[in-house]
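Open the structure in your viewer and keep the selection tool handy.

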Amino acid sequence: MGEDGAVTSAPQRPDGPTPATRLIATDLDGTLLRDDKSVSERTIAALAAAEEAGIAVFFVTGRPARWMGVVSDHVQGHGLAICANGAAVVDLHAIDRHAPDLTASDHRPTGREFVQVRPLPRITALKVVEALRGAAPGTSFAVELTTGINYEPQYPPFFQDPGANVATAEELLHQATDDDSAPVLKVLAHHSELAPDEFLALARSVAGAYASITRSSPTSLLEISGPGVSKASTLALCCEERGISPAEVVAFGDMPNDVEMLGWAGTSYAMGNAHPDVIAAASGRTVANNEDGVALVIERILAERTARTEA
């Protein structure tokens, strides 16, 4: 969900020549997905055309792996997605496509496979929790694991999981830390009174030395990952493995958790509905998610490639 006025005109191109695109990295909510969480037919066609043209498409999202059913059919060849703000690389081809989209009340396990996990150490998470409890009384927490989510009794019922453990964050994080313990992907922190950007700035000032802290929700909900873990850093690792340079990547996003990725990519677009920090970080701007802003740019990239080939 964006926080700025929507752009409804043609996209604003980044300045200068655009190198040949080898990979498209796109956020989901507020970016590729429409507000009703659907993928439009135009976007589906654009993603398929990009893959057919040899351009890899990576979904790079704050969503956990269990919520990827909505797009699992739209990644071709490689089948990989970056989830939980860079804390996990997931093989979407392992997701059960016969299961319904896992959204608000349906968190049943899928056949997903974690290819890489960049966890938040529990001792580090405890330091962040302690710092936020002191700086922002009233903060409530949830703990996102590779196996699901657990949360405190006061944590808002955004997406209640009937299988979740409910306890204080300290109790949830003091579980055994041997190899049989599920890795922590991120800690979520919610505040009912502080404004979203105010809460983010406060959290970074008191706990930013311990972990990566960002947000993607229009509410005061922070997402806390391991030190150095972000969409950008994990995308960079995936691209390095494939011999793809930042200049060959086109990225799309709309919220603060996309800022680093948009700054890292050689070409980047803020959605028309994007947060002001995202607009400042991106090299270009496209129309809003509900107007298929990602598809519009992909179509233009492919048309320009065809024109160069035929010239």
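Predicted model: local features only at pLDDT ≥ 70, side-chain atom pairs only at ≥ 80, totals over all residues.

Residues are numbered from 1 along each chain as its sequence is written, and side-chain values use heavy atoms, with hydrogens and water left out.

**Stop one: α2**

Select residues 41–52 to bring up helix α2, which has 12 residues. Helices here are DSSP runs (H or I, at least four residues), and strands are E runs of at least two, numbered from the N terminus.

Now colour T43, A46, L47, A50 and E51, the buried residues of α2 (buried means under 20% relative accessible area, exposed over 50%, partly exposed in between, with a 1.4 Å probe and protein chains only). Look down the axis of α2: these buried residues fall within an arc of 130°, so they line one face of the helix. The arc is taken from the directions from the helix axis to the C-beta atoms.

On the other side of α2, pick E41 and E52, which are exposed.

What do the buried residues of α2 pack against? Show β1 (23–26), α1 (28–32), β2 (56–60) and α9 (293–310) to see their partners.

Step on to G54, which follows α2 and has a positive phi, near 90°.

**Stop two: α3 and α5**

Select V128, A131, L132 and A135 in α3, then L202, A203, V206 and A207 in α5; these two groups meet (contact means heavy atoms within 4.5 Å).

How values were computed
Expected span 1.5 Å × (residues − 1).
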